[in-house]
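This report walks through one protein chain, from its overall build to single residues. Please keep the sequence and the model open while reading.

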Amino acid sequence: MNRRRLIALLGGAAAYPLTARAQQPALPVIGYLSPTSFGVLSERLRGLHQGLKEVGYIVGENVAIEYRWSEGQYDRLPAMAAELVRKQVSVIVAGANAATFAAKAATTTIPIVFLLAEDPVQLGLVASLSRPGGNATGINFVSGELTAKRLELLRELVPAATRVAVLINSANVSTETTLRDVESAARVMGLQMQVVRAGTSQEIDAAFEAFARERPDALFVGLDPFLKSRRVQLAQLATHHRIPAAYSARDIAEVGGLMSYGTNITDAFRQVGAYAGRILKGAKPADLPVVQASKFELVINAHTARMLGLTVPDKLLATADEVIE
């Protein structure tokens, strides 16, 4: 075989895989929009991948995900949502209330699967839970009853508490609903409330300086992506100032927070992933009912309780899904 023919054959063989790959259809792309950071949700995203896998999609093989993280800066979400729309993603997964509103403002045609901490009907995002209509559906994982239950558990852990500080982030669109639910539960339990707002790390520091002066009996931290992203700061400050605190997510109990009670976020992400996959297969958001989260978990950090001089009641220990020693 002459040299010229050999080179031609080798060149054709090398070019074939490139040509074949070029002819393969592009993977469908899911746009993930979140007001928090990758570090906050890295473990929980396994649930999203699991949900996709349950309906036949494996990330990197037959579906891709474009992530957009606003790092606690809510005002960046509209531009990020618009960018995902320009990229013509197949589905947008909105990881919180603010992300959902940004996605809805950016598109009326691309399907949206949300993870909401508030009733989507009351927010005007869907027509009804059973028949959402429009281009959005998803998982709703917080209710007034859940907020009240967290406050009750805090009271069980600190039975002498009469004054409870409530830490919230005003930038979160669900803040007023959280306040209303906490105030309602506090009235029933005869608790006095002190509301403190913090939307930056510096404001969190200032809030705890105020707590050091005013000495509330306990602290209730509202559900908020930014506050969750500052979980180490919150846990350390609460322990340093010896303030028993209740949080919504187990992530904070895992880094030293006293107690958390809330939705099993990994399972909620799994449900979101399954819905995103079903939409990729042709299902319409308008026809997929909004799912009410049904898995909740109580996590108690017994080590932190001992540091605060608290004795965890046997009843709480028995009902906890996890006790961190």
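## Overall build

Two residues are in contact when heavy atoms of theirs lie within 4.5 Å. Among contacts in the chain between residues at least 6 apart in sequence, 70% join residues at least 24 apart. This is a predicted model: local features need pLDDT of at least 70, side-chain atom pairs count only at pLDDT 80 or more, and totals for chains, interfaces and linings use all residues. Residues are numbered from 1 along each chain as its sequence is written, and side-chain values use heavy atoms, with hydrogens and water left out.

The chain has 14 helices and 13 strands. Both are DSSP runs numbered from the N terminus: helices are H or I, at least four residues, and strands are E, at least two. The C-alpha trace spans about 90 × 45 × 35 Å along its principal axes. Of the 325 residues in the chain, 52% are buried. Here buried means under 20% relative accessible area, exposed means over 50%, and partly exposed is in between (1.4 Å probe, protein chains only).

## Salt bridges

The whole structure holds 13 salt bridges. A salt bridge is a side-chain nitrogen of Lys or Arg within 4 Å of a carboxyl oxygen of Asp or Glu.

One of them pairs E54 with R270, with the closest N and O atoms 3.1 Å apart. E54 lies in helix α3 (residues 45-54) and R270 in helix α12 (residues 265-280), so this pair ties together parts that are 216 residues apart in sequence. Both partners are partly exposed: E54 has a relative accessible area of 44%, and R270 has 24%.

R131 and D287 form another salt bridge, at 3.5 Å between the closest N and O atoms. R131 sits in the loop between β4 (112-116) and β5 (136-140), and D287 in the loop between α12 and β11 (291-292), so the bridge ties together parts 156 residues apart in sequence. R131 is exposed, at 52% relative accessible area. D287 is partly exposed, at 41%.

The side chains of R197 and E176 also meet in a salt bridge, 3.8 Å from N to O. R197 belongs to strand β7 (residues 192-197) and E176 to helix α7 (residues 175-189), so the parts tied together are 21 residues apart in sequence. R197 is partly exposed, with 42% relative accessibility. Elsewhere, salt bridges with shared partners join E54, D267, R270 and K295 into one network.

## Where α3 meets α12

The two helices that carry E54 and R270 also pack against each other. The angle between α3 and α12 is about 40°, and their axes are 6 Å apart. Axes are lines fitted to C-alpha atoms, for helices over the stretch in contact, and angles run from 0 to 180 degrees between N-to-C directions. The crossing of α3 and α12 is right-handed. A crossing is right-handed if the near helix is turned clockwise from the far one by less than a right angle, and left-handed if anticlockwise.

From α3, the residues taking part are L45, G47, L48, Q50, G51, L52 and E54. From α12, they are T266, F269, R270, V272, G273, A274, A276 and G277. Together they divide into seven nonpolar, six polar and two charged. Ala, Val, Leu, Ile, Met, Phe, Trp, Tyr, Cys and Pro count as nonpolar; Asp, Glu, Lys and Arg count as charged; the others, Gly among them, count as polar.

## A covered helix

Helix α10 (residues 231-240) is mostly covered, with seven of its 10 residues buried. These are R231, Q233, L234, A235, L237, A238 and T239. R242 follows α10 and has a positive phi, near 55°.

## N301

N301 is placed in strand β12 (residues 296-301). Is N301 buried or exposed? N301 is buried, at 4% relative accessible area.

The N301 side chain reaches two backbone atoms. One is the oxygen of A253, at 2.9 Å. The other is the nitrogen of H303, at 3.2 Å. Beyond neighbours within four places in sequence, N301 is in contact with A253, G256, G257, L258 and I324.

## L317

L317 is in helix α14 (residues 314-319). L317 is partly exposed, at 34% relative accessibility. Leaving aside neighbours within four places in sequence, L317 is in contact with V312 and V323. L317 and R197 are 120 residues apart in sequence, and their C-alpha atoms are 31 Å apart in space.

Methods. Polar contact = N/O pair within 3.5 Å; in protein donor to acceptor, adjacent residues only side chain to side chain.
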